[in-house]
Amino acid sequence: MNFEQIKLFLYQQEKLPLPGVRRELLIEKMGQLAQQGFDCQKCSGSCCSFENNSMQIDLLQAIDIIDDLKQKNLLTKTLLDKINNSIVQYRLDYNISTKANSLLRKRYTCPFYTHNICGCLLGLEYKPYGCLAFNPNSANQCHSDYQTQCIRDNLFASAEAFANQKLETILKFHFPKKTIPEVVWFVLTKLNGLC
Ligand code: SF4
Ligand code: SF4
């Protein structure tokens with residue numbers, strides 16, 4: 001299957017809610033905060049750089065990201081190199097176990113971060129859920145809105161779990177949540193230019 005066939009399968013055959021619908025709650029919450037004056041307009045985005053970013057995504061969110069980049073003709077060699085370089089630079093594919101028998105969650109500068117104010121290449125309807133949920137709040141501190149994220153997750157849990165399961169079957173690989181560049185790179189590599 002190529003990328004467009006995967007999209008047709010997910011959205012037409014399996015009736016998965018569209019990317020924007022699955023993010024509606026988070027985008028609405030972000031809008032409400034912005035109306036109260038809490039937005040990212042004066043910030044250069046330290047949450048997207050290695051100082052603070054350790055965002056992880058599943059296969060479905062990687063499909064959404066690739067979809068957005070494709071529609072904007074941004075899947076250039078320069079961007080592909082940037083995605084791959086971030087894996088190498090931050091050794092994201094090198095697992096380190098912790099005492100608690102889990103894997104160390106690594107920090108990295110996101111390859112879609114443009115180092116400007118509001119500097120993300122991705123549209124709101126395609127960004128990772130965790131990125132949308134991380135905003136400044138009334139105490140002028142940035143934090144993750146776990147409550148809204150949890151409501152969203154519950155609303156789409158079964159549809160998204162089913163989609164991820166199908167994607168694993170299509171891509172012939174079990175892929176747990178990992179960093180943004182790793183999952184996007186994995187999908188692009190598996191599709192082997194069929195985007
Ligand atoms: S969430 Fe916070 S750190 Fe991230 S861009 Fe917005 S204001 Fe800056
Ligand atoms: S996807 Fe966008 S908002 Fe999320 S970490 Fe990357 S640059 Fe930041």
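**View 1. The shell around ligand 2.** Around ligand 2 lie C48, N53, M55, C110, F112, Y113, C120, L122, K127, P128, C131 and I180 (near means that the C-beta atom of a residue, placed from the backbone, lies within 6 Å of the molecule or strand). Ten residues of this shell are nonpolar, one is polar and one is charged (Ala, Val, Leu, Ile, Met, Phe, Trp, Tyr, Cys and Pro count as nonpolar; Asp, Glu, Lys and Arg as charged; the others, Gly among them, as polar). The model is predicted: local features need pLDDT of at least 70 and side-chain atom pairs count only at pLDDT 80 or more, while totals for chains, interfaces and linings use all residues. Residues are numbered from 1 along each chain as its sequence is written, with chains lettered from A and ligands numbered from 1 in the order in which they are written.

**View 2. The shell around ligand 1.** C40, C43, G45, S46, C47, F134, N135, P136 and C142 surround ligand 1. The most residues, three, come from strand 2 (residues 134–136) (helices, H or I of at least four residues, and strands, E of at least two, are DSSP runs numbered from the N terminus). Six residues of the ligand 1 shell are nonpolar and three are polar, with no charged residue.

**View 3. Helix 8 and its packing.** Helix 8 (residues 180–191) has twelve residues and reaches 17 Å from its first C-alpha to its last, close to the 16 Å expected at 1.5 Å a residue (the expected span is 1.5 Å times one less than the number of residues). Its buried residues are I180, P181, E182, V183, V184, W185, V187 and L188 (buried: 20 or more other C-beta atoms within 10 Å of the residue's own; exposed: 12 or fewer; partly exposed: in between; C-beta atoms placed from the backbone). They pack against strand 1 (56–57), helix 4 (59–71), helix 5 (77–89), helix 7 (146–171) and strand 4 (178–179) (contact: C-beta atoms, placed from the backbone, within 7 Å). Just after helix 8, N192 has a positive phi of about 50°.

**View 4. V183 in helix 8.** V183 lies in helix 8 and counts as buried because it has 24 C-beta neighbours inside 10 Å. Leaving out residues up to four places away in sequence, V183 touches I57, L59, A62, F175 and K178.

**View 5. The whole protein.** The protein has eight helices and four strands. Of its 195 residues, 30% count as buried.

Technical notes
Contact = placed C-beta atoms within 7 Å.
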